[in-house]
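Good morning, colleagues. Please look at the display.

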Amino acid sequence: MPGEAAQELRTKPYQLPMPAEALADIVVPAAIPADERIWVPQTEDVWFRPLCLNRSTGYWMNLLRVRRGGVLSRHRHSSPVHGFVLRGRWHYLEHDWVATEGSYVFEPAGETHTLVVPEDVDEMITLFQVNGVMHYVDPWGRPEGFEDVFTKIDMCREHYAAVGLGADYVDQFIR
Ligand SMILES: [Fe+2]
């Protein structure tokens, strides 16, 4: 019957190979890891967990974890950021809203902010896509350093070598 044929076609997998130059996909089954070593320390009470370090287009996907009322230093974004709060809550010193569990946040290019997790939150975890460069700045915008996908990759290599996972552990997240 024609109906049966149409149904079969709808559920038939794509029959051709992916483009020869396409990069491999990434699947991370335990995105919030059981192995503590996978969290890369960033500053006191702040860690990140790499998921996709996209060196070819200059962005990174990561989980940011903050404990014990930590602060992520003031920084300016060259490009947009997307965030989804998985645990806890946080806010920016520069805005009057609070990002709570389940919140989605868009931060436009040009935004400068300081992320704070309140003292009564034991643990905050947020999925962030960060594009381009984070410029760390003083309260008047004077540069104090930067991070991009390449500094993130370097941090991962150094940490994973130190904890015994091996410097090449990070390779699975790089595209
Ligand atoms: Fe930010």
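Let me begin with a definition: a patch is made of residues with over 30% relative accessible area and no salt bridge, where like charges are joined within 9 Å and nonpolar side chains (Val, Leu, Ile, Met, Phe, Trp, Tyr) within 5 Å. A salt bridge is a side-chain nitrogen of Lys or Arg within 4 Å of a carboxyl oxygen of Asp or Glu. The model is predicted, with local features needing pLDDT of at least 70, side-chain atom pairs counting only at pLDDT 80 or more, and totals for chains, interfaces and linings using all residues. Residues are numbered from 1 along each chain as its sequence is written, and side-chain values use heavy atoms, leaving out hydrogens and water.

Tyr-14, Leu-16 and Met-18 make a nonpolar surface patch of about 400 Å². Tyr-14 counts as exposed because its relative accessibility is 58% (exposed is over 50%, buried under 20%, partly exposed in between; 1.4 Å probe, protein chains only).

I turn to the rings. Six aromatic pairs are found in the whole structure (centres within 6.5 Å; planes under 30 degrees apart are stacked, over 60 edge-to-face, the rest tilted). Tyr-160 and Tyr-169 are edge-to-face because their planes stand at 70 degrees, with centres 4.9 Å apart. Tyr-169 also pairs edge-to-face with Phe-173, at 6.0 Å centre to centre and 70 degrees between the planes. Tyr-160 is buried, at 0% relative accessibility, and Phe-173 is buried at 2%. Trp-90, Tyr-92, Trp-97 and Phe-128 form one aromatic cluster.

Note on methods: Accessible areas come from the Shrake-Rupley method with a 1.4 Å probe; for residues, only the protein chains shown count as cover.
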